[in-house]
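Hi,

Here is the structure I promised to pass on. Have a look at it first, and my notes follow below.

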Amino acid sequence: MQLALNRLKETFGDSILETHSCLGNETAVVEKEKIVEVIRFLRDTQGLEFNFMMDLAGADYPERSERFEVIYHLYSLSTKKRVRIKVRVPEANPVVPSITSLYKAANWFEREAFDMYGIRFDGHPNLKRILTFDEFEGYPLRKDYPVNKRPKIPTPDPLIKV
Amino acid sequence: MTTQDTAKPLDTEHMIVNLGPSHPAMHGTLRVVLELDGETIVNAIPEIGYLHRCFEKESEVKNYTQIIPYTDRLNYLSPLMNNVGYCMAVEKMWPLEIPERVQWIRMLICELSRIMDHMVCIGTNVVDIGGLTNFWYLFNPREKLIDWVEALCGARLTTTYTRIGGLMKDMPPNTKSFLKECLRETLKAIKDTTGLLQKNRIFMDRTQGVGAISAEDAISYGFTGPCLRACGVDYDIRKAHPYYFYNELDWDVPLGRYGDSYDRIFVRFEEMIQSCRMTEQILEKMPEGPIMTDHRDVALPAKHEVYGSIEGIIQQFKIIMHGIKPPAGEIYSYTEAANGELGFYIVSDGSDKPYRIKVRPPCFAIYQAYPDLMKGELIADAVAILGGLNVVAGELDR
């Protein structure tokens, strides 16, 4: 199943920064500017047809120069293949183009990555926190967020004031 | 139903209504802000996160074995299936060979969990619509299955039955006869409830054509499991990518046609029947054998080895003190859980704790489509649709 990766390399050349297939999971690291184009190519090209966006995850690697990673898992119903696409973004400007225009599923998954890592998705229709509350400070899944830190939960205004 | 016939419709203002989270039909943890025009839903904004327990963050500071109890709480209607999904993901990192009997037992508990999960889903969905009888019919055999789960691992809900590389212990001795009895009762309950529902005029009016979604939309939303198959899309991981011995079993993938609530319920009914078929075959085919791998990295040595040999005591010490250390790498592993594809994305840096765990809960993708499903429907239908999606907050919010 090197096919998808080969097709990507042929079409996008230097925009594909790295490919490997660790434990049978085909992976390509892509320049973040190209991500929408790459995923549209994977979805719409005959013979690839990755029509499912199964998962989208963020990840944090503080020791890297490009600290955050967004990992897309795509699945093709017709060829029964899977592929993993990654983009890396630096801490100073963690912005990735949104793929909500390609998959409806991306909406909440991107919100979750934003909520947990503070990765912003450019072009997302409704980018706000999803699992934590709006007043939450910081991004809980970043490695520098202490695991035992408890956020202050805001108390809502009472309905009847005495 | 509509007011089109009346000469001049009254002007109405849209009303905002909070449905949930403390509402029995919203399963206690889901909240939807509805914009209503009379009783028709114009817009809906779901809010989730009321049951967020930081599963992924906690996992990063626990070792691989300590995470297994957390997975019970993901989909708490079928905890055994999450145990299997997680352990399979970790085992794939070596990759680790596990004994045949373990694989058969894991298939058995998966299928039984699927039956139990679907029973709750259908039972509560029909209660939400107003039919209480079916709930009792389905919960009696479920109770008996849970009795078996209790005999299996000592707990009814927080099972923690699998281990990395094997199982906690073997099945109770009278499993075969007991489960055959359970299956007989289950099939009878399915027959009774389908008899009550299938041609029930009220039930059909409440569910047929309600909350329908097209196959294209379902794929775009990332639907998996019964909700996807109700739209007629033939995707079941057990058939498409058979794991363990699923390719040795004789069974069919039930498909719906219209993708509405009615189809979702009856796809589940049919899946329960198929799971019963599979369970019977698994019980027949299951071989004897060990229930733990003998891989020295993960398996605790037998007690006589620990006390009788220096290698045994060292191995015991290393696993207990240093934990299980999968090789560095990353894996996306997926199993067919009751609601669809349950994926685990695990990044290991070679230490005893995972660097990153991401759960791909099937509900998350499905619940996302909920506003689309109920736009234009009546407020009572919102409740009927939600039940059929089988949204389990435990895995939705993690």
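Which residues line the largest cavity? Before the answer, please keep in mind that this is a predicted model. From chain A the lining takes Leu56(A), Ala57(A), Gly58(A), Glu112(A), Ala113(A), Met116(A), Tyr117(A) and Leu141(A), and from chain B it takes Glu56(B), Arg356(B) and Lys358(B).

The volume of this cavity is about 40 Å³, and a search of the whole structure turns up one cavity of 30 Å³ or more. Helix H3 (106–117) of chain A, strand E3 (52–60) of chain A and strand E8 (356–360) of chain B each supply at least two lining residues. H3(A) gives the most, with four residues. Sorted by class, the lining has six nonpolar, four charged and one polar residue.

I also looked at strand E5 (residues 82–89) of chain A, where eight of eight residues are buried. Arg82(A), Arg84(A), Lys86(A) and Arg88(A) point one way from this strand, while Val83(A), Ile85(A), Val87(A) and Val89(A) point the other way. The residues on both sides are buried.

E5(A) has these strand partners. With strand E2 (residues 25–30) of chain A, E5(A) pairs in the parallel sense over four bridges, and Ala28(A) stands opposite Ile85(A). With strand E4 (residues 68–75) of chain A, the pairing is antiparallel over eight bridges, and Arg84(A) is the bridge partner of His73(A). E4(A) and E5(A) form a hairpin with six residues between them. In that turn, Lys80(A) has a positive phi of about 60°.

Best wishes

Definitions and conventions. Residues numbered from 1 in each chain as written. Chains lettered and ligands numbered in written order. Predicted model: local features only at pLDDT ≥ 70, side-chain atom pairs only at ≥ 80, totals over all residues. Heavy atoms only, no water. Buried < 20%, exposed > 50% of the residue type's maximum accessible area, 1.4 Å probe, protein only. Pairing = 2+ DSSP bridges. 1 Å grid on protein atoms, 1.4 Å probe; cavity = no way out; pocket = protein on both sides within 12 Å on 5 of 7 lines; lining within 4 Å. Points joined across faces, edges and corners; volume = space filled by probe spheres on them. Nonpolar A, V, L, I, M, F, W, Y, C, P; charged D, E, K, R; others polar.
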